[in-house]
Amino acid sequence: MSGRNVALAVCGGIAAYKACEVLRGLQRGGCDVRVAMTADAERFVGATTFEALSHHEVVNDLYACHETAIPHIALADFADLCVVVPATANVLAKMAAGIADDALTSALLAMRCPLLVAPAMNVHMWHNPATQANVELLRSRGISFVGPREGHLACGYEGEGKLASANEVVSASLARLDARAQDLAGIRVLVTAGPTHEAIDAVRYIANSSTGKMGLAITREALARGAQVTLVCGPVAERMPEGAQVVPVISAAQMHAAAERAFAEADVAICAAAVADYTPAHPSTHKLKKDRSPLDVIELVETADILKSLSAEKGSRVVVGFAAETDDLIGNARSKLSRKGCDLIVANDVSRPDSTFGSDTDRVAFVWPDRTEQLETLPLDEVARELLDRVRDLAGA
């Protein structure tokens, strides 16, 4: 990692002292680290501490920096990666809104490098709808998150809001720096995401609980690593990642047709969508009235098997499937791998609250023909990062 430059943005929370550990870990990884701090952060750890550790002047005032007259721009020009730790609810809100009212937020607004955010706050502040909306907006812009974790909080509460460990933040930072090397540059990736809606009549449909979050996280990560991404996405409420070629679809038949077209130009297909297995055989073009056309019986027919279809024509290309299971996770995933003919199955137990549809975390296992690798419960962005590491290896990138 020699020669990598990291801007460490330290915000005002009790976990600010852990930013010192993050700084030292980054230095051990071969990084040159420069620090920006808010005034509130200095109430917990003094700027002198960070200057002694980093051997650089801390950016904490837009008008009193001795090294440059425009410190926020100089810091942004310096950075290959910016790490915000601990990220408070206030700074997350300012990042989402583009507010630059001090040296740290001005530097963040000027950054052109990847950003990694490690939040830490009270559990209720983290789960507040405003904070969650800000996090989703920042994720949609390609910003990565590590944590927060569950545990005992400094405020006395128990719950989600604890800063990820220094080792986790450092590892994620070094992974982002490695990803910035664009290890998927030149790779064309097809991602399918979300559910499909199978029409019963003009207003009713058959669907499942998929939100598309996993497929969108994979898309963001692939884009960050230089891939060209076509995202074939069913009906979801999530914001689409910037930079992807998005093909919106509704039904399984539409997703199948769009995936086939996109795969003709792709090197890798990652089928993360939860496609309906069945569709009504005779959907009505008008709303069926229960007093005249009761829906006591709906005749169903099987939908096209997108994963099997792409696997049959993949040749030397890479195809990855997903298996959402409620029991016998590995056995069912391995059976699916054999039936479909893909290279890798990502198996997740959707009966678990930390790995179900709509969750912001997943506990997945990677299932190959000859081995299985079980991961711990991780945020979706980290699952996407781990998956694309394996896809990179399969693709020989």
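Tutor: Angles under 35 degrees count as roughly parallel, over 145 as roughly antiparallel, 65 to 115 as roughly perpendicular, and the rest as oblique. Angles run from 0 to 180 degrees between N-to-C directions, and axes are lines fitted to C-alpha atoms, for helices over the stretch in contact. Helices (H or I, at least four residues) and strands (E, at least two) are DSSP runs, numbered from the N terminus. This is a predicted model: local features need pLDDT of at least 70, side-chain atom pairs count only at pLDDT 80 or more, and totals for chains, interfaces and linings use all residues. Residues are numbered from 1 along each chain as its sequence is written, and side-chain values use heavy atoms, with hydrogens and water left out.

Start with α9 and α13. Helix α9 covers residues 213-224 and helix α13 covers residues 380-395. Their axes come within 8 Å and cross at roughly 60°. The two helices are therefore oblique to each other. The crossing of α9 and α13 is right-handed (near helix turned clockwise from the far one by less than a right angle; anticlockwise is left-handed). On the α9 side, the contact is made by K213, M214, A217, I218, R220, E221 and A222. On the α13 side, L380, D381, V383, A384, R385, L387 and L388 take part. Contact here means heavy atoms within 4.5 Å. By class, the contact of α9 with α13 has 9 nonpolar, no polar and 5 charged residues. Ala, Val, Leu, Ile, Met, Phe, Trp, Tyr, Cys and Pro count as nonpolar, Asp, Glu, Lys and Arg as charged, and the others, Gly among them, as polar.

Next, the annotated region. UniProt, in an unreviewed entry, places the feature "domain: DNA/pantothenate metabolism flavoprotein C-terminal" at residues 184-393. UniProt positions are given in the numbering used here, feature names are shortened, and annotations may be inferred rather than shown by experiment. Over residues 184-393 the chain is 27% helix and 26% strand. The end C-alpha atoms of that stretch are 10 Å apart.

Now G234. This glycine sits in the loop between β11 (228-233) and β12 (245-248). G234 is buried, at a relative accessible area of 6%. Buried means under 20% relative accessible area, exposed over 50%, and partly exposed in between (1.4 Å probe, protein chains only). Beyond its neighbours within four places in sequence, G234 is in contact with A193, P195, V249 and M255. G234 and D349 are 115 residues apart in sequence, and their C-alpha atoms are 22 Å apart in space.

Turn to α7, residues 129-140, where Q132 is found. Q132 has 19% relative accessibility, so this residue counts as buried. Leaving out residues up to four places away in sequence, Q132 touches W126, H127 and D360. Helix α7 also packs against α4 (residues 89-97), at an angle of about 50° with axes 9 Å apart. α4 and α7 are therefore oblique to each other. α4 passes α7 in a left-handed crossing. The contact pairs A89, L92, A93, M95 and A96 of α4 with T131, N134, V135, L137 and L138 of α7. By class, this contact of α4 with α7 has 8 nonpolar, 2 polar and no charged residues.

A further helix pair is α1 and α2. Helix α1 spans residues 18-28. The α1 and α2 axes come within 10 Å and cross at roughly 10°. That makes α1 roughly parallel to α2. A19, C20, L23, R24 and Q27 in α1 meet T49, F50, L53 and S54 in α2. The residues of this contact of α1 with α2 divide into 5 nonpolar, 3 polar and 1 charged.

Last, the backbone. The peptide bond from V85 to P86 is cis, with omega near -10°. P86 lies in strand β3, residues 81-87. Another cis peptide bond joins G147 and P148, with omega about 5°. P148 belongs to the loop between β5 (144-145) and β6 (149-152). H55 has phi near 65°, a positive value in a residue other than glycine. H55 sits in the loop between α2 (47-54) and α3 (71-78). H55 is exposed, with a relative accessible area of 64%. D328 also has a positive phi, about 45°, although it is not a glycine. D328 is placed in the loop between β16 (318-325) and α12 (329-340). D328 is exposed too, at 52% relative accessible area.
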